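Visitor: I'd like to learn how to read a structure like this one, feature by feature. Could you take me through it?

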Amino acid sequence: MFARLLYESFRRQKRRKLLAGIAITLGVAIATAMIAVATDIGDKINRELRSYGANLLVSPQEDTLDVEIGGVNLKPPSDGNFLNEADLPKIKGTFWRNNILGFSPMLPVNVSLGSSGQQTTLVGTYFAKKLNFGKDQFTTGVRNTHPWWRIQGSWPADDSEDVLLGEHLARKLNEQAGDTVEIAGQAHHVAGVLSTGGAEDEQVVAPLHVAQQILGKPDAVRRVYVSALTKPEDALARRDPKSMSGEVWDRWYCSPYAQSIAYQLQEAIPHSHAEQIRQVAQNEGTVLSRIQGLMLLITLAALFASALAVSAAMATAIFERRREVGLMKALGAGNVAVAALFFAESTLLALLGGLVGFFAGSWLAHRIGRSIFDSQITIQPVLFPVIMAIAVIVTFAGSAAAIRRAVQFDPVFALRGDA
Amino acid sequence: MSTVPRTPQSVAERRAAAPHASMFLRMLLRAAVVRRGRAASALLAMVVAAAVATAMMNLYVDVQAKLRKEFRSYGANVVVVGKDGAFLPPDAISKVESVLGGRGMAVPFAYVVARTPAGQSVVVAGTDFERVQRLDRWWSVSAWPSATGEALVGMRALPVVSPERKPFDLSFQGHTVHLTPTGTLQTGAAEDSRVYLPMSDFAAWTGVQPSTIEVAANGSSEELNAVVNRLAQTFPNADVRPVRQIVEGEARVLGKTRATLYAAATLIILTAALCVLATLTGWVFDRRRDFAIMKALGASERLISGFFAAEAAALGAVGALLGFVIGIGIAAWIGRVNFNAVVVPRLSVLPIVLAGSIAVALLSAIVPMSLLRRVQPAIILKGE
């Protein structure tokens, strides 16, 4: 009998059920999409923040002092220590290798240009170099660690002798992409003109082996810029690792703090010193937490609003059925039986609406991820039971007050139609 | 009113003489008062939707300004450098500040290469510590120098100039200066290899004037371009360039955040509007008996349509106003919790919310009305 009542109620009142169902579906869809976006936005924005460039710098341990003003090196070029280029792929062998999005070695050397003998700095680096570590193959270089570098012309190949001329330097020399320039007595093809808004605008940028050749030190690298996804600094991150006990140290080592990744880089590359670039690393945390907090609060507001909307829809749906309640009670149904029927209907609606809403919401989140971040927004499977539970609870809570009023209503008045 | 005795006749006379509008208003008011349960639930849906819409629009406008402020902690986004290392004019910093007009800050830097008594070269910079503290907040400094003769020494320069943190000498073009290493500086970048002095000490020792001014200008990319152009006009002998690393990173992150916020706002507002539509349609449809009785009593279609439309519009307006107030509250709460700053209530949002609410309410009255119009009043009154 109960099942029949339930079935007939859905069969006969399609319009009302549809309206309530739509409200629940929409509410659940918006909740799912917002929760999915809010939980994933940290990772997405963290990746976007990498467009600020490298956040870690690896330099030789026993380094001599840089004498550099405005990007111009005033030190004899062969001075100081170097890292070994052959050690660089080991960066991809560290514990947090998947968080390391790219690295670029730099080797600045002083050169004279053309017949005029003008002195400038030539920086050797990777543009998009293919490297192997074990079985892994990966591509790294300034094209992913320095995304603000713009060129007119084309990027030189890493194994070529082609160079990039800084914007200001090119204007001074009256050179363009495609021209040839004489650097340190050798003619080089100018692949493109580089604009960075920084010191490189006055310099020549070339594949690493060109700089090594000029310096006469094959395999030498002055410093390495590493771009890594990091976790915002907290109290643990700021502690001195030397003062930590075993368990705390493990936790520190296995968290992707800028400090612990720097420590692991130092372990991977012999005789190196790695440090966070504070301008980039320190500010990431603030910006990230602000955006995450904002999305979290908006999600809360959205959840609250959809809960209220679902409640209002349920209240309306039940309020419309006073006469039915009157009839049932006149036929001898107890309050419990009537309430049970309504709650069963609500639950059924919540489950149906929740199911459809969850998938609609996942699709929405997916679309948002695609169109804004060009990447997937992962929907945690654990979200499904959570969302379904929320849908049932909210629908229940929204119906409760209306059901109570409907049940307490005098059947005589209800049947007479005096609402 | 009290002077006339309340006989049925006098009441009828008074009512007949009263303007037609009063009946209309009475019906509107009575409908709201008598069936307040139903009206309240419709109003609640309206208020929630308007509140959410207000909060989202307010945040969308205000959050960008708030986030821009957070991004300024990345430091300078414009650099003014004297061409070929030339000094900037002595009043350069005040000129820059007048261009900024209080919307940003500027820090002067002057550089020389000095020698330690052991003959090592080291870069010494003169700057304004008070300004640097505000601009470059990521500088990790153990203690800021305050008196003359005190210096801030970079972590990597420290072993060279003063391994035991004792006072040290530096010489530049034959002039020697005696300095106390008050604090150490760590940034992970070029600053670590330098020694920083207060500008007055630096100028007295070397006679060198600032050649670089780092500027952090607030505002959108258009405002930033305007600042760059005005600075370039002010300093014809200097290179003025935006720091692309900072400017583009900011534009990228801000753009993505704005797009996410926009998507969220659109979704939420759309859902709220649809829910209101569903609730209100049910509400109007539920009153088909009122509709039938009015029609049976001889009310014209236009009057009935006008009545339901006016009712819906009134509901929309009241809901929008209440929702606006609550929505401003939500936006302010989010602003305080997340940004520790006030989100300014934007009155420009009010007309949009008001118009949107009334439009949705009217729409949800028109749909069931057009359905009901085709039905005979008798069928509705019979209870089918």
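Visitor: What distance separates the centres of domain 1 of chain A and domain 2 of chain A?

Guide: Keep in mind that this is a predicted model. Taken over C-alpha atoms, the two domain centres in chain A are 58 Å apart. The assignment puts 2–46 + 286–416 in domain 1 and 68–223 in domain 2.

Visitor: How do I read the overall form of chain A, and why is it called more spread out than a compact globule?

Guide: Begin with the inventory: chain A has 13 helices and 16 strands. Then compare the radius of gyration with what the globule rule gives for the chain length. For the 419 residues of chain A the rule gives 22 Å, but the radius is 33 Å, well over that, so the chain is more spread out than a compact globule. The C-alpha trace spans about 110 × 55 × 40 Å along its principal axes.

Visitor: What share of chain A is buried?

Guide: Buried residues account for 46% of the 419. As for contacts, take those between residues at least 6 apart in sequence: in chain A, 79% of them join residues at least 24 apart.

Visitor: Which residues have the most contacts inside the largest nonpolar core?

Guide: The general idea is that nonpolar side chains tend to be buried together in soluble globular proteins. Here the largest nonpolar core has 220 residues, and A:Leu56, B:Val52 and B:Ala272 have the most contacts inside it. Helix α9 of chain A, residues 278–319, gives the most to this core, with 23 residues. Setting aside neighbours within four places in sequence, the contacts of A:Leu56 include A:Val226, A:Ala258, A:Ile261, A:Leu265 and A:Ile277.

Visitor: How many residues of chain A are in contact with chain B?

Guide: There are 61 on the chain A side, touching 63 residues of chain B. Next, ask which elements contribute. Those of chain A giving two or more residues to that side are α2 (14–49), β2 (68–69), β16 (272–276), α9 and α11. The largest share, 23 residues, comes from α9(A). By class, the chain A side has 38 nonpolar, 15 polar and eight charged residues.

Visitor: Let's finish with a strand. Why is β5 of chain B said to be largely enclosed?

Guide: Count its buried residues. In β5(B), residues 150–154, four of the five are buried, so the strand is largely enclosed by the rest of the structure.

Visitor: And which strands does β5(B) pair with?

Guide: Follow the bridges and check the direction each time. Five bridges join β5(B) to β7 (residues 175–186) of chain B, and these two run parallel. With β8 (residues 194–198) of chain B, β5(B) pairs in the antiparallel sense over two bridges.

Key:
Residues numbered from 1 in each chain as written. Chains lettered and ligands numbered in written order. Predicted model: local features only at pLDDT ≥ 70, side-chain atom pairs only at ≥ 80, totals over all residues. Rg over C-alpha atoms; globule rule 2.2 N^0.38 Å. Buried ≥ 20, exposed ≤ 12 C-beta atoms within 10 Å, placed from the backbone. Contact = placed C-beta atoms within 7 Å. Domains from an automatic or database assignment. Core = buried A, V, L, I, M, F, W, Y, C linked by C-beta atoms within 7 Å. Nonpolar A, V, L, I, M, F, W, Y, C, P; charged D, E, K, R; others polar. Pairing = 2+ DSSP bridges.
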